[in-house]
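Trainee: I'd like to learn how to read features off a model like this one. Can you take me through it?

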Amino acid sequence: MLDLDISEFFDEDGPLATALPGYKPRPAQVELSQAIGQAIQDRATLVAEAGTGIGKTWAYLVPAFIQGGKVLISTGTRTLQDQLFARDLPRVRAALAAPVTAALLKGRGNYVCHYHLDRLQGDERALKSRSEIQQLRQIQVFAGISKTGDRGDLAQVPEDAEIWQRVTSTRENCLGQECPRIRDCFVVKARRQAQEADVVVVNHALFMADLVLREEGVTDLLPEADTVIFDEAHQLPDTATRFLGSSVSTHQLMDFGRALEVAGLAYAREAAKWSDVSRHLETAARELRLVCAPLDRMPGRKATFEAIPNPEEFDEALGALREAVDGAAQALAAVSEKHPDLMAAARSGAEISARLKRWATPGRGGVGRDDEGWGRDDQAPESAAQSALGDGLPTPAAILAGAAAAEQWSGPAVRWVEHGQHHVRLHSAPLSVAQAFSKYRKPGQAWIMTSATLSVNGEFTHFTSQLGLDSARTGKWESPFNYPEQALLFVPRGMPEPQSPQFLERFVRTLMPLLEASPGGTLVLCTTLRAVDRVANLLADEFDDAGHEWPLLKQGDGTRRDLLERFCRLEHPVLVGSASFWEGIDLPGDVLTLVAIDKLPFAPPDDPVIEARLRACRSQGGNPFSEYQLPEAAISLKQGAGRLIRTESDWGVLMVGDGRLVEKPYGKRLWRGLPPFARTREIEEVLAFYRRKGEGGEA
């Protein structure tokens, strides 16, 4: 049966229709699947934009099962990863009767670690509250009965609960083959299953972690594959930027100080004055935090390396911190063979030392300081620390060598310091990820990238150039939905300028009649977290004045999943959210009949990475606004607008409060990229649309 032409699988009497109730053939789905099949056959790269409702998941699963060989499917989020593995993949596999095996693989922080769980059980004084004691009991029971150890399967303990950090491992504190519980290890089992399976479902974060680790010589994270499929591929440039960069926080430094003191006193008491080493490190970290106090007066409480207000003081504090970290890491490396906990602490120290070195180089005026000790690559510690650990875990020496390699391939970087309420973070990120990302594609490997938002007015250059995919095939398959009948885009007249202090008040007042006319729920998408709070407060006041008792939900009042579940249960809910609510949300039917966007989603100008990219574009004679800011805003706007219509029977209104969408010459590039909604600037037409739809008539 698997010898059929791809289109035959999608026929009205084909295997998908036979096995899946309610299945309807869609020409765009078949064409997309054929293009993917061709790219797999040719071992090519295909960038495919598939409009909402095409069914892109099935369109890529069919050719993946039939001709993909060993396939990696990478999704944008863990939620989508779980959904694909538990729902779509088994259904299509059963429909095709395809003899393929599948595995789910996540980053190690998603799996309970038996060793760290045992240690926490033996030290219950480390638990901070009664609820943590209860959570620990639930995790113990779960670890004993779970086949996977995937924390996503234990819903009773919230995903953001702090205890998870202490019962899972990191790359630095994993003991590898030295671990007494290696035979039970959930990470090892998951990786083994991934090596053996035909199809492995991962996420972009894990894929990028694998890219970074391969540069450091660690090759056992993801299996080799013939075909890689990236779903929600529009997220890749941001994910790549995050993973190819690095950060060090004073929190991490304090944790390292505590860990080295505990391990040193327990297993190498005579080797060093561990309490003094730890205290010296903590003092240096606190000193750096004090020196960064002037950042509180800067936009976003952050500054690039070049713009630090007190550079001499800062450099001196950073130099002292590096010396303290290097001293601690060297002391640990000398005794790391004595116990796995010492090796884990030594690895942690080497990782922090490498990150600080990368961050501090070059120094002011482009000159790197003459590093002593571990700062120089030829000074990495010898002895047992240099022998390779099992499970591909890096030794302290390997971490430093990897950091040196990473410096060479990541190209120019942006460095900045962020001053939080209780911490300082040193961040670095590559100016471009194109070179590092594109060179990761192996010869003879097919790459398929798909999403509903990859092009800007039908052009894919912005996306492909960010990832260095110059020779990629591109294609755009339109949604089958009848947007002009189903949806209305409303841009109100007479709004103040978006930067005006009155803008959000007018936005909320204009929104009120729409909320009163709309029968379903409303999603209000803001471009900043500050606007989320302001809009939620203004709405609460308006509801009080008008006597409405509608449920008002706000980002931050619960986890994203929790807020969305409540939204679906409540009557006429209004949810106000920012970045994480612009995409990956599926609220079909009358659950959602109004989406309101406050302003055009231009990236904040105080973002150091964006600022540096705009500067680089300008220095090369380009136009940063039209070449970078506008395409980014177009893709974000398309994502936000895509929340409204999810099925053929959905309907509703998209309100954009920002008049620039219509009034500025560049606005045309933005709204032309949206689905072809009917458009109006008159509120009466919006209310008439709601009345007609409410009466069951056509809009």
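Mentor: Let's start with cavities: on a 1 Å grid over the protein atoms alone, a cavity is a set of points where a 1.4 Å probe fits but cannot get out, while a pocket is an open set with protein on both sides within 12 Å along at least five of seven lines; a lining residue has an atom within 4 Å of a point. Grid points are joined across faces, edges and corners, and a volume is the space filled by probe spheres set on the points. Keep in mind that this is a predicted model: local features need pLDDT of at least 70, side-chain atom pairs count only at pLDDT 80 or more, and totals for chains, interfaces and linings use all residues. Residues are numbered from 1 along each chain as its sequence is written, and side-chain values use heavy atoms, with hydrogens and water left out.

Trainee: Which residues lie nearest the centre of the second largest cavity?

Mentor: L72, F207, Y440, K442 and Q445, out of 13 lining residues. The volume of that cavity is about 80 Å³. Helices (H or I, at least four residues) and strands (E, at least two) are DSSP runs, numbered from the N terminus. On that scheme, α9 (residues 204-215) gives the most to this lining, with 3 residues. For classes, Ala, Val, Leu, Ile, Met, Phe, Trp, Tyr, Cys and Pro count as nonpolar, Asp, Glu, Lys and Arg as charged, and the others, Gly among them, as polar. Here that gives 8 nonpolar, 1 polar and 4 charged residues.

Trainee: And how many cavities of 30 Å³ or more are there?

Mentor: There are 4. The largest cavity has a volume of about 160 Å³, and of its 19 lining residues, C113, S169, C174, C179 and C185 are the closest to its centre. Two or more lining residues come from each of α6 (114-121) and α8 (186-196). Its lining divides into 11 nonpolar, 5 polar and 3 charged residues.

Trainee: OK, pockets next. Why does the second largest pocket lie between two domains?

Mentor: Domain bounds come from an automatic or database domain assignment. Here they are domain 1 (6-101 + 197-240 + 434-477), domain 2 (108-188) and domain 3 (483-696). Domain 1 and domain 3 both give residues to the pocket's lining, so the pocket lies between them. Its volume is about 480 Å³, and among its 18 lining residues the closest to the centre are S465, Q466, R613, C617 and Y628. At least two lining residues each come from α10 (236-244), α17 (461-466), α22 (608-619) and α23 (624-641).

Trainee: What about the backbone? Which peptide bond is cis?

Mentor: As background, most residues other than glycine have a negative phi, and most peptide bonds are trans. In this model, the bond from T361 to P362 is cis, with omega near -5 degrees. P362 sits in the loop between α14 (340-360) and α15 (396-410). Then there's N457, which is not a glycine but has a positive phi of about 55 degrees. You'll find N457 in the loop between β10 (446-451) and α17.
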